[in-house]
Amino acid sequence: APYKHFADREEMLLAVAREGMERFHDVMQAAVAPHEPGSLEALTRLGLAYIGFAQAEPGVFRLTFGLTRTHKDHEEMVAQGMRNYGVLLGQIAAHQGKAEVDDAVLRQAFPLWTFVHGLAFLLIDEIPPDRRERLGRLDGPEIRSALRGIAATYRHQLEQPDAVRGGGRKPVAQRRCPLVREHAGDSRQIAAGQRQERRAGL
């Protein structure tokens with residue numbers, strides 16, 4: 001019985017979530033590997049892989065993100081979560097021609113992540129079959145166009161901050177929503193981890 005190998009139900013669920021997060025990372029890495037780092041095709045494939053994993057393993061996907069409130073109590077879960085998000089941040093950094101993750105990378109990554117994350121949950125939730133079929137056309141023009149459009153739009157805004165500056169408002173570099181600001185605290189740790197992986201030849 002499973003409980004013979006774990007102290008309690010929470011420990012068992014954490015083990016399932018941790019293994020699922022590792023597989024999730026491998027799926028995303030495999031999706032971008034054949035493509036030029038930071039290219040629109042790499043970003044598109046990464047988004048499709050994210051959604052595809054949710055569809056292939058909906059239970060694990062729900063469990064992984066359903067336990068995020070307790071991740072802070074488990075260092076290995078925090079580290080794996082940062083490693084997974086780091087796949088996207090690394091691609092965005094390359095897209096911007098940068099070797100490190102900075103605030104501009106975090107700002108561009110945020111809308112891409114929220115789009116694919118929200119769509120992933122829409123696809124695995126109980127929605128009418130006709131709507132699920134339409135949303136599920138992952139290789140159709142709608143999803144690919146949306147991913148490319150989000151990436152291109154935010155790149156344009158970052159390169160031309162005056163285009164998104166109104167009146168006396170602060171420049172975009174100084175305006176971040178709370179959720180983006182929350183991720184900003186992890187950027188140095190993610191960048192340091194990526195440097196260690198490069199030095200180790202991973």
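Modeller: Leaving aside neighbours within four places in sequence, leucine 147 is in contact (heavy atoms within 4.5 Å) with Thr44, Gly47, Leu48, Leu112, Phe115 and Val116. Before you read further: this is a predicted model, where local features need pLDDT of at least 70, side-chain atom pairs count only at pLDDT 80 or more, and totals for chains, interfaces and linings use all residues. Residues are numbered from 1 along each chain as its sequence is written, and side-chain values use heavy atoms, with hydrogens and water left out.

Biologist: Where does leucine 147 sit, and is leucine 147 buried or exposed?
Modeller: Leucine 147 is in helix H8. Helices (H or I, at least four residues) and strands (E, at least two) are DSSP runs, numbered from the N terminus. Leucine 147 has 4% relative accessibility and therefore counts as buried. Buried means under 20% relative accessible area, exposed over 50%, and partly exposed in between, with a 1.4 Å probe and protein chains only.

Biologist: How far is leucine 147 from proline 111, C-alpha to C-alpha?
Modeller: The separation is 9.7 Å, for two residues 36 apart along the chain.

Biologist: Zooming out, how many helices and strands does the chain have?
Modeller: There are 10 helices and zero strands. Buried residues account for 38% of the 202 residues.

Biologist: What share of the contacts join residues at least 24 apart?
Modeller: Counting contacts between residues at least 6 apart in sequence, the share is 70%.

Biologist: Now H2. How many of its residues are buried?
Modeller: H2 is mostly covered, with 12 of its 17 residues buried. Among them are Glu41, Thr44, Gly47, Tyr50 and Phe53.

Biologist: Why does the span of H2 agree with its residue count?
Modeller: At 1.5 Å a residue, the 17 residues should span 24 Å, and the end C-alpha atoms of H2 are 24 Å apart, so the two agree. The expected span is 1.5 Å times one less than the number of residues.

Biologist: And at what angle does H2 pack with H3?
Modeller: H2 (residues 40-56) and H3 (residues 58-66) pack at about 110°, and their axes are 5 Å apart. The axes are lines fitted to C-alpha atoms, for helices over the stretch in contact, and angles run from 0 to 180 degrees between N-to-C directions. H2 and H3 are therefore roughly perpendicular to each other. The classes are under 35 degrees for roughly parallel, over 145 for roughly antiparallel, 65 to 115 for roughly perpendicular, and oblique for the rest.

Biologist: Which residues meet there?
Modeller: From H2, Tyr50, Phe53, Ala54, Gln55 and Ala56 meet Pro58, Val60, Phe61 and Phe65 of H3. The residues of this contact split into eight nonpolar, one polar and no charged. Ala, Val, Leu, Ile, Met, Phe, Trp, Tyr, Cys and Pro count as nonpolar, Asp, Glu, Lys and Arg as charged, and the others, Gly among them, as polar.

Biologist: What else is tyrosine 50 in contact with?
Modeller: Setting aside neighbours within four places in sequence, tyrosine 50 contacts Phe24, Met28, Phe61, Phe65, Trp113, Val116, His117 and Ala120.

Biologist: Which residues touch the most other members of the largest nonpolar core?
Modeller: Of its 32 residues, they are Tyr50, Phe61, Leu88, Leu89 and Ile92. A nonpolar core is a set of buried Ala, Val, Leu, Ile, Met, Phe, Trp, Tyr and Cys residues joined through side-chain atoms within 4.5 Å. H1, H2, H3, H5, H6 and H8 each supply at least two residues of this core, and H6 gives the most, with nine. A second, separate core of five residues includes Leu14, Met21, Leu63 and Met77.

Biologist: Last one: where is proline 34?
Modeller: Proline 34 is in the loop between H1 and H2. At 63% relative accessibility, proline 34 counts as exposed.
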